[in-house]
Structures are given as structure tokens and as C-alpha cells.
Amino acid sequence: MRPSTELTGQERTLGEKEIIVSKTDLTGKLTYANKTFLNISGYTEEEILGVQHNLIRHPDMPRAIFKFLWDRLEAGEEVFAYVINQSKNGDHYWVLAHVTPSKDPQGNVVGYHSNRRAVDKELIKNVIIPVYASLADIENSASSPREGLEASTAALYDFVDSKGGNYDKWIFSL
């Protein structure tokens, strides 16, 4: 469980060559985190292994994006997504996450692997934040969390349709 921490508004950044790597089991519990992950999140390995990956979830992150991500992973597909995470002390950091299913030799999905890289701050400011804020507003204005997620997920698909109907093509065009 995430410690109760107030947001600081301070942004942490990854260096151009830094890559965050983490692995989870099928339920999203962390089974591996590299040193870059530990440094930027502010957690120790002992604090996070066995804990749900959403420990670092920032409250501004729309739930529709994670639903989309999990739907893709459960279909056996990789996904790229911009994500804002929260560090242990309340700082935040943006990443471009590439998440893939990890498979055993028989092809069974046994967990998930994520690499996360630095982002273009102008892209985040001018494209991603407005889209995510719109989705979060939809979620927060609904009469229930379930209705909010359904409405924001529909809005996400409408947005992707307005950009040509192919999420991967849109995300790689940024």
C-alpha cells in the first residue's frame, strides 16, 4: 500500500540514456526493479518487491489509460503509453512506458516487463496533459467510479478514432 504523501509539484527527470526497468507477476506485483527505478521513485528494493506496481501511480493519471494498457496486455499485445508516476516523497516524473507480456518457453504469459524512457516535455505539456486532463475530468465528474471509467474509456477510443483510429500509429506519430 502506498504511503499517504502529499504531492510536491516537483518534477524529477530521467537522463537521455537512463531506462527504468521493472517486471511484475500476472497480478501486477513487482518482481524486479532496476537501480534507475529505485532512484527516481525513491523506494528501496525491500519496500517495493511484492507490492502492486500502482504504488507509484500519480492521481492525475486517468484510469482509462491503465484500462487500455491492461486490455492490451491481457490480449498478449505490447503497449506504449505516456505515464506520470509519483515518487515516494510526492515528486512526479513522466515516462514513455513500453510494456510487454513476459512468456515462458511454452508461450504462456507469466508476467509483464516494462522499460520506461525520458519524454519530450513540450509533447507532454502540449499533447498528453490536455488529453489526460480531459479523461480525468470525465472520470471525476461521473456519478460512480465505474461509470467514470466507462465514459473515459469511450472518450479515449473516440479520441483515437479522431486521430485515424489506430492507437499505435497515433502514439508513434508524436
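In the predicted model described here, Lys-67 touches Leu-149 and Thr-153 when residues up to four places away in sequence are not counted. Lys-67 has its place in helix α3, and with a relative accessible area of 32% this lysine is partly exposed. Although Lys-67 and Ser-162 are separated by 95 residues in sequence, the distance between their C-alpha atoms is 20 Å.

Helix α3 itself comprises 12 residues and reaches 16 Å from its first C-alpha to its last, which is close to the 16 Å expected at 1.5 Å a residue. The buried residues of α3 are Ala-64, Ile-65, Phe-66, Phe-68, Leu-69, Arg-72 and Leu-73, and these buried residues pack against β3, β4, β5 (109-117), α4, α5 and α6. In an α-helix there are 3.6 residues a turn, so residues three or four places apart point the same way. Just after α3, Gly-76 adopts a positive phi of about 85 degrees.

The model holds seven aromatic pairs. One of them is formed by Phe-68 and Tyr-157, whose rings are arranged edge-to-face, at 6.0 Å centre to centre and with 65 degrees between the planes. Because Phe-68 lies in helix α3 (residues 63-74) and Tyr-157 in helix α5 (residues 145-162), this pair ties together parts that are 89 residues apart in sequence. Phe-68 is buried, with a relative accessible area of 8%, whereas Tyr-157 is partly exposed, with a relative accessible area of 39%. Trp-94 and Tyr-132 form another aromatic pair, in this case tilted, with 6.1 Å from centre to centre and 35 degrees between the planes. Since Trp-94 belongs to strand β4 (residues 92-103) and Tyr-132 to helix α4 (residues 121-141), the pair ties together parts that are 38 residues apart in sequence. Trp-94 is buried at a relative accessible area of 10%, and Tyr-132 likewise counts as buried, at 6% relative accessibility.

In soluble globular proteins, nonpolar side chains tend to be buried together. The largest nonpolar core of the model has 41 residues, of which Phe-37, Ile-48, Tyr-82, Tyr-132 and Tyr-167 touch the most other members. Two or more residues are given to this core by each of β2 (30-33), α1 (35-41), α3, β3 (79-86), β4, α4, α5 and α6 (167-173). For Tyr-82, the contacts beyond four places in sequence comprise Met-61, Trp-94, Val-95, Leu-96, Val-119, Leu-123, Ile-124, Ile-128, Tyr-132, Ile-171 and Leu-174. Both members of the tilted pair, Trp-94 and Tyr-132, are thus found among the residues that Tyr-82 touches.

Strand β1 (residues 20-24) is mostly covered, with four of its five residues buried. Five bridges join β1 to β5, and the two strands run antiparallel; within this pairing, Asn-115 in β5 is the bridge partner of Val-21. β1 also pairs with β2 in the antiparallel sense, over three bridges. In the hairpin of β1 and β2, five residues stand between the strands, and Gly-28 takes a positive phi near 90 degrees. Lys-23 stands opposite Tyr-32 in β2, and the charged end of Lys-23 sits over the ring of Tyr-32, at 5.7 Å from the ring centre.

The loop between β3 and β4 contains Ser-87, which is buried, with a relative accessible area of 1%. When neighbours within four places in sequence are left aside, Ser-87 is in contact with Arg-12, Ile-40, Ser-41 and Tyr-93. Between Ser-87 and Asp-71, which are 16 residues apart in sequence, the distance in space is 26 Å from C-alpha to C-alpha.

Methods. Residues are numbered from 1 along each chain as its sequence is written. This is a predicted model: local features need pLDDT of at least 70, side-chain atom pairs count only at pLDDT 80 or more; totals for chains, interfaces and linings use all residues. Side-chain values use heavy atoms; hydrogens and water are left out. Rings of Phe, Tyr and Trp (its six-membered ring) pair if their centres lie within 6.5 Å; planes under 30 degrees apart count as stacked, over 60 as edge-to-face and the rest as tilted. Buried means under 20% relative accessible area, exposed over 50%, partly exposed in between (1.4 Å probe, protein chains only). A charge sits over a ring if NZ of Lys or CZ of Arg is within 6 Å of the ring centre and within 35 degrees of the ring normal. A nonpolar core is a set of buried Ala, Val, Leu, Ile, Met, Phe, Trp, Tyr and Cys residues joined through side-chain atoms within 4.5 Å. Contact means heavy atoms within 4.5 Å. The expected span of a helix is 1.5 Å times one less than its number of residues. Two strands pair if DSSP finds at least two bridges between them.
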